[in-house]
Amino acid sequence: MPQYAAIIYEQGDPDWSSLDTPEKQETMGEYGAFGATAAAILRGGAALYPTSTATTVQVEGGKGGRVVTTDGPFAESKEVLTGFYLLECADLDEAVRWAAQIPAAWKDKVEVRPVIDFGASPA
Amino acid sequence: MLRLPDQDGGSAALATLLRDEWPRVLASLVRTTGSLQLAEDALGDAVVRAFEVWPRDGVPDEPRAWLTVVARRRAVDLLRREARRSEKEAGAGIFVNVDAPVPDASELRDDLLRLLFTCCHPALTVEAQTALALRTLCGLSTAEVASALLVPEATMAKRLVRAKRKITDAGIPYRVPPVEELPERLHGVLTTVYLLFNEGYLATSGDSPLRRQLTTEANRLSALLRELLPDQVSVIGLEALLRLHDARTPARLDAAGEPIRLSDQDRTLWNRSEIRAGLALLGTALRTSRDDPDPYVVQAAIAACHDVAPTWADTNWEAIVSWYDVLLRVAETPVVRLNRAVAIAELRGSAAGLRELDGVGELADYFPLVAVRTELLARAGRADEARSSLARAIDTPGNAAAKRDLSRRVHELLRTYM
């Protein structure tokens, strides 16, 4: 069965590690409810710390070269990647139906991308 | 065996026959092979074969069955070749049943519907949907799709490959949507057909204001839709709308190929039988409509008001404005408000029309809006504003012929106020 990453993009780079406002607590509750509803098709996922904690890594001059780290996310933008779910669904329609139940889908945006199954395709 | 007429008449008849069969054979091949790309490649080769064999041996009694079987064999060959190339075990992944019966009418209907909803899936861009619909459902070659949509062939080839890859990789299902999703998904399909027609009817790019090929293909798709979903009100409404518009085609261009506005068209040139057909469809659609009529049905009703009016001046503007009021209730868009403002200007004068235009809302760089404002300003005798509005209209992206027409009209109108 194909797997889909439901990638969550949110405005304002929220910090989900501290539920310091009633709105955040409420939203977290909604995520909890989604997790329970979608348990049968959820194969994984994670919430990420804000982009202020991100470190971008690049190796200069090819493999083994100088490791350059930069403070911050790869791309500065208004909407940042804040988490993802891994969904196992029969097809895109089903994945979209589940993604539409993720709170970010109505508060911000969720991108659905198929996951490559290296086991099934010839390498 | 049917013998083809000799020479050009024969090859034209053959081309028509093959194009009519294309979507039907393709749709069932997609089911048996599970891949749009493979089905297309295999059928493409079968069609080439038909062009070689049929003129010599005659058209087989059942051309569809012939094409289906030849294409299935070809699909098996292509799969074997692919398996060899990727060093998979011979036979792996090959499950095309060459001897399966050729689908009957009801299977064929399901296959076509599946293909239709796949090609017009909302996860594809509208550009991709239109291109795929022309390629798979209208049977145009990639080169023909490219020229119909005014895109270089290489760009179109890439666009089509990308769309087909997305269908496969993202797992867009070959499925008719379940009943609860059908109205919305069908709406997406109808939008694609409608946009295709519009692009042909009011070409926004290219030098000719009318691109007959696109309207013909849109009509073909709309007829196919009604064959497949005869009871859907929106489908009947769309076909009514397209036919009521298409009926005016013979009067829409002058000898030099310049567009003639609805108000100035020679209405005796309008195609009466198309109008009758459109009115009959509209009647059926209105009879089956519930409280809120489908937007296509309402637009068809507006088109019908124009089609039955003896002249522009004798048009029932009251009826048109009230249909626009209905349309605003079911599909409120700036374009609908713009068209309503045009009708208001006819009913109550250009000052009233201009007031309505102010409430149209955001339509930046939309040529028809700037054009209507320019014309109403000129009609109201507000010469300076009309001239600066005309300059803006000419700088707005739009059809070159429509701009020439607008400019000529504005100068004529302003001359009467000199």
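In the predicted model, A:A99 is in contact with A:A6, A:A105, A:V110 and A:V112, its neighbours within four places in sequence being left aside. A:A99 lies in helix 2 of chain A, which spans residues 92-99. A:A99 counts as buried because 24 C-beta neighbours fall inside 10 Å, the cut-off for this class being 20 or more.

The overall architecture of chain A comprises 3 helices and 6 strands. Along the sequence, these elements follow the pattern β-α-β-β-β-β-α-α-β. The C-alpha atoms of chain A fill a box of roughly 45 × 45 × 20 Å along the principal axes. Of the 123 residues in chain A, 15% are buried. When contacts in chain A between residues at least 6 apart in sequence are considered, 74% of them join residues at least 24 apart.

Four of the strands require separate description. An open sheet of 4 strands in chain A has the order 2-5-1-6, and its pairing is antiparallel. Strand 2 (42-47) and strand 6 (109-114) of chain A form the edges, each pairing on one side only. From one strand to the next, the twist averages 20 degrees. Within this sheet, strand 1 of chain A (residues 3-11) runs antiparallel to strand 6 of chain A, and the two are joined by 6 bridges. A:I7 is placed opposite A:E111, a residue of strand 6 of chain A. Helix 2 of chain A packs on the sheet, where it touches strand 1, strand 5 (79-88) and strand 6 of chain A. The direction of this helix makes about 155 degrees with that of strand 6 of chain A.

A further strand pair in chain A is formed by strand 3 (residues 55-59) and strand 4 (residues 67-71), which pair in the antiparallel sense over 5 bridges. The bridge partner of A:V59 in strand 4 of chain A is A:V67. Strand 3 of chain A is hardly covered, as the count of buried residues among its 5 residues is 0.

In chain B, helix 2 (residues 36-57) packs with helix 3 (residues 63-85) at an angle of about 125 degrees, their axes lying 8 Å apart. Helix 2 of chain B is therefore oblique to helix 3 of chain B. The crossing of helix 2 of chain B past helix 3 of chain B is right-handed. On the side of helix 2 of chain B, the contact is made by B:L38, B:D41, B:A42, B:L43, B:D45, B:A46, B:R49 and B:A50; these residues meet B:L67, B:V70, B:A71, B:R74, B:A75 and B:L78 in helix 3 of chain B. The residues of this helix contact divide into 10 nonpolar and 4 charged, with no polar residue.

The two chains also meet each other. To this contact, chain B gives 8 residues and chain A gives 6 residues. On the side of chain B that touches chain A, the residues divide into 4 nonpolar, 2 polar and 2 charged.

Note on methods: Residues numbered from 1 in each chain as written. Chains lettered and ligands numbered in written order. Predicted model: local features only at pLDDT ≥ 70, side-chain atom pairs only at ≥ 80, totals over all residues. Axes fitted to C-alpha atoms, helices over the stretch in contact; angles between N-to-C directions. Parallel < 35°, antiparallel > 145°, perpendicular 65-115°, else oblique. Left-handed = near helix turned anticlockwise from the far one by under 90°. Contact = placed C-beta atoms within 7 Å. Nonpolar A, V, L, I, M, F, W, Y, C, P; charged D, E, K, R; others polar. Buried ≥ 20, exposed ≤ 12 C-beta atoms within 10 Å, placed from the backbone. Pairing = 2+ DSSP bridges.
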